[in-house]
Amino acid sequence: MLTTGSKLLIGSAVLATIAAIVYGIDQGGAIGTVGLASAAAALSFLAGVNLLTRDANVFADDENVIDSCEAADPAPGNSIWPMAFALGAVVLCVGLVTYPAVFIVGIVLLLAAGAEWMTQAWAEQASHEAAHNSEVRSRIANPLEFPLAAAIGVGIVVFAFSRIMLWLEKVGTVVAFGVLAGIIVIVAFLFAYRGGLRSRTAIGAIGVAVVGLVAGGAAAGLDGERDIHPHETTAELADEGICEDPEETEADHNAAQSVGATAAVAAELTLSESGELTFEVNGPIPAGATALTLPSSNLNNVLFHNESSEDRRLSVDFGTKTVTHDGEDEVVANQICTTLVEDGGVQNMFVEVGLPSSTNPGGYFFFVPGVDTATLELVVP
Amino acid sequence: MSNSRSEMASLRSTTTFSKMRRKLPIGIVAGLGLLAAGCAQDAPQDTFDPAGENAQKIQDLQVPVFILAGVVGVIVLGVVGFVLVRYRDRGQAIPEQSHGNPALEIVLTILPALILIGVAIPTVGTLMALDETDDTECIINVTGQQWWWEVDYPVQDGCGSGISEVIVTSGQMVIPTGTNVLVRGTSRDVIHSWWIPRLNGKRDMVPGRVHHVRLQADEPGIYAGQCTEFCGLSHANMRMEVIAMEPDDFEIWKQGQTADYVAPAEGTLAAEGESTFIAQCSGCHQVNGLTDSDGDPVIAKPATAVYSGATPNLSWLMTRNTFAGASFNLLTPECRADVWDAPPETVGEKYLEGVSPECLNSVELREWLRDAPAKKPMYASGALEDTNGLTRGMPDLGLSEDQIDQIVAYLLERQ
C-alpha cells in the first residue's frame, strides 16, 4: 500500500519529469530542462526514501491489524487535494522557467489546494462522525468557496465573451450580440410566463448556453483577434516621415473621442474651410500676436480642430535632426504630426521641445500638409 | 455622606479654579507674545498691505470677513468660557435635563446661514472680478520648475509699446506700473504656486495646465513672493519678485533685454570667462548670441542634464538682482537696500543700474559656483537614480578657483 506522503512525492516526480520532457522538447532551454529534471530526480529520491520508511509510520506496514481492528479515529477520507497541491508545485516550477502567467497559476493552485487540504484535514478531526465533520468543513469553507467559484465562473464567461467580441468583425460584433441579447430577452420572457417550467430545464438551458459561450470563446481565442487598426502616435508618424503627406494614412475617425481632446490644453489650432490656421489659448491672446508661444521642455497639449471639408493632419516642423541608420548619420526632417483627422474632428498632439525656436534658422512652425496657406509660427523661448 | 462628597467636590473645584486663576496672567502674556510675534514693520510679503487693484479687491473682502469672523469667534469663545466657569462642577446637583429647544435651534441654524450668505455674495463677486481678463494690457508667461520661475514675454502689441522679440528672464518679473498684466502660468515638473501677496492672491501652477493670475501695481516698487505649494527639497528657497517700474523705465528695460550680445574684450579675465562658460556652463545655460571659436551659435541643451529640462537664461543675468531662483542676492546688502528702499520715483532707475562690480555679492555667487547643492539643497542622496542621472538643479561642477574668477568676470558683463 502506498502511503499518502509517497503518493504526493511520486505524483510530483512524475509531473516534474513530464514537465522536463515537454519543456526540453518545446522550449529547448538547457537550464530549464536541467532544473526540472533535477527537481524530478530529487522528488524521486524523496519518494524512494518515503516508500522505504513508510512515511515514518510504524503501523503503516501492519495492514492486518489495521484491517481487523476498529479504528480509534476514523481514517481520512478520499481527497484530491494532495494531488492538486503537487500539481500546483510542479506548475509553479514550470512557471519559473517558462512564463510568469504559468508561475502565477502554480501559486494560485498551490495555495488553493493547500488551503483545501488543511481545511479538510482539520475538519476530519472534529469528531468521530464523518457526516458531522463534513458539515463542519462546509460551514467553514463554503462562504469562501462559493463566491470564489462564482467569480472564477463569471470571469471565464466574461473572458470567453471578450474573445468572441474581439474575434468577430466590428459590425458583426454589434449584430451578433444584439441578436444574442434579443434571444436572452425572449427566453427570459418565456421563462417568466411559463410558470410550469421545471428548474432542471432552466438550468439545462443556461448550462448549454454557458458551455457554448466558453467553447466559442476558446475557439475564438485560439483563432486570434481580428485586425485592429492601431492608433498611431505622433512619434510613429514622424518616424515614418509622413508628416508632410496629406494622404496615405488612414484617418482616425475616433480622434475626437480621445481623452486628450477634453483635457487641459495649452492651445487649440483650427483649420478653417478657407484654409487658414488660427489659434486660441486659455484666456486672451496677446494683442498683435501672430505666433503661438509655448514653453520649452514642457508637455504642451495642443488640440487640432479640422473644420475643412477634407481629412487633414496638423504637423510641426522643428527643422532637421540627425539620425543613425546602419551606422551612418543621416539628416532628416524633424517633425511631428497628428494622424489624418476627419472633417469636423478634433485630435490631440503633445508638443514637447527641448530647444528654443531661435536655435533653428527657420524657426518652428505648425503647418497642414496639402494646405499651403495653413501655417503658424511656433515660438519657444 | 452625600453632603460630605458634595463638599469635597466643591473644595476640589474651587482649588482647581484658583490654580487656573493664578496661571491666567501667564496665559495672557503668552497669548499676547504670540500675537506680537506676528507683527513686523518691514514685511515685504504682507497680504494686508495691497499695492495694486487686484490685491485691494482681496483686501476689501478679507478685512470685513476677518472682522466678522473675529466677532463670531469672540462671542463663541466668550460664551464657552462663561459656561465653563459659571457652570463648572462644584458638587452641585445635576440640573434637570431637557431635550431640544426648537426656537433656539432654528435661530442657531438661520443665523450662521445668513452670515455665510453675507460672506458668500461679496466673495463670489470678488472671485469673478479677479478672474476678469478682458482688460488685459500685457501678457507674461511664467513656468515653474524645481526651484525657480522662468518668465517670458511673448511677442505682442501690449506691455507698453509692444514686444517684438521674445524676452526670457527668471526669478524676477518686470512689469510697467498701472498696467493690467495677465500672468499665464504652468509647471514643468510638480505643482508650484505663484504668489505675490501685495499684488494678488496665490495661484497654483500645474503641469499640463495653464492658469491665470492678474497683476497690477499702482506704484513702482519691488514686490516679493514665494512658492506656496510644497514642491520638494528647496521649496522654501523658491522665491520670486515682481519689479514694477514706470512705463518709460520699462521701455528701457525691454530694450536692454533684447540688445545684441557683446563679447568681452580680448585678453581680459572676462574673455577667459567666456571660454570657461562655454566649456562648463553653456551645455545647460543659454546666453543669446554667444558663439564658439568657429563662430557657430552656442546652444544650451538643458534637457540632457536637468530633470525639468530647463535652466535660467543667463543672457542678462546682471540686470537682475537675484540668482538661483531668487534665493540669493546678486547685490550686496547695502546696494540691495539702496534699490529696495528707494522712493517709488527712483526704483526703476536704481533697478536699471543693474549689478556693478562694487555692488556684486561675489561671496554668495562664488559659493554657488563652488558647490551649488551645498548652497541650496536640490536633491537627496541617491535621488539621481530616480531621474536617470538628471539633476534637479545645478550640480557641483568641481570648478577651480581660477575658473570661478573667470566665470564671475564674464557674468558681470551680462548686462
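**Notebook: chains A and B of a predicted model**

**Entry 1. The interface.** I began with the contact between the chains: 30 residues of chain B are in contact with 23 residues of chain A, where contact requires C-beta atoms, placed from the backbone, to lie within 7 Å. I then looked up which strands take part: strand S1 (138-145) and strand S5 (181-187) of chain B each supply at least two residues of the side of chain B that touches chain A. Helices (H or I, at least four residues) and strands (E, at least two) are DSSP runs numbered from the N terminus. I sorted that side of chain B by class and found 11 nonpolar, 13 polar and six charged residues. In this sorting Ala, Val, Leu, Ile, Met, Phe, Trp, Tyr, Cys and Pro count as nonpolar, Asp, Glu, Lys and Arg as charged, and the others, Gly among them, as polar.

**Entry 2. Basis of the model.** I note that this is a predicted model, in which local features need pLDDT of at least 70 and side-chain atom pairs count only at pLDDT 80 or more, while totals for chains, interfaces and linings use all residues. Residues are numbered from 1 along each chain as its sequence is written, and chains are lettered from A and ligands numbered from 1 in the order in which they are written.

**Entry 3. Chain A overall.** I recorded nine helices and nine strands in chain A. Of its 381 residues, 26% count as buried; a residue is buried if 20 or more other C-beta atoms lie within 10 Å of its own, exposed if 12 or fewer, and partly exposed in between, with C-beta atoms placed from the backbone. Among contacts in chain A between residues at least 6 apart in sequence, I found that 70% join residues at least 24 apart.

**Entry 4. Helices H1 and H4 of chain A.** I examined helix H1 (residues 4-26) and helix H4 (residues 81-97) of chain A, whose axes come within 9 Å and cross at roughly 30 degrees. That makes H1(A) roughly parallel to H4(A); angles under 35 degrees count as roughly parallel, over 145 as roughly antiparallel, 65 to 115 as roughly perpendicular and the rest as oblique. Axes are lines fitted to C-alpha atoms, for helices over the stretch in contact, and angles run from 0 to 180 degrees between N-to-C directions. On the H1(A) side I listed residues including A:Leu8, A:Gly11, A:Leu15 and A:Tyr23, and on the H4(A) side residues including A:Met83, A:Leu87, A:Val90 and A:Val94. By class, this contact has 14 nonpolar, three polar and one charged residues.

**Entry 5. The sheet of chain A.** I traced an open sheet of five strands in the order S3-S9-S8-S5-S6 (chain A), with mixed pairing. S3 and strand S6 (328-337) stand at the edges, each with a single partner strand, so one side of each is left without a neighbour in the sheet. The twist averages 40 degrees from one strand to the next. Two strands pair if DSSP finds at least two bridges between them.

I then went through the pairs:

- Strand S3 (residues 291-293) and strand S9 (residues 371-379) of chain A pair in the parallel sense over three bridges, and A:Ala291 has A:Glu377 as its bridge partner in S9(A).
- Strand S8 (residues 364-368) of chain A pairs with S9(A) in the antiparallel sense over five bridges, with A:Val368 opposite A:Val371.
- The hairpin of S8(A) and S9(A) has two residues between the strands, and A:Gly370 takes a positive phi near 95 degrees there.
- Strand S5 (residues 315-325) of chain A and S6(A) pair in the antiparallel sense over nine bridges, and A:Thr324 stands opposite A:Asp329.

**Entry 6. The sheet of chain B.** Chain B also gave me an open sheet of five strands, in the order S3-S2-S1-S5-S8, and its pairing is mixed. The edge strands are S3 (167-170) and S8 (211-215) of chain B, each pairing on one side only. Seven bridges join S1(B) to S5(B), which run parallel; B:Val142 has B:Gly185 as its bridge partner in S5(B).

**Entry 7. Two loop residues.** I placed A:Ser272 in the loop between strand S1 (267-271) and strand S2 (277-280) of chain A. A:Ser272 is partly exposed, with 15 other C-beta atoms within 10 Å. A:Ser272 and A:Asn306 are 34 residues apart in sequence and 7.1 Å apart in space, C-alpha to C-alpha.

B:Asp218 is partly exposed, with 16 other C-beta atoms within 10 Å. B:Asp218 and B:Ala51 are 167 residues apart in sequence and 6.0 Å apart in space, C-alpha to C-alpha.

Conventions
Contact = placed C-beta atoms within 7 Å.
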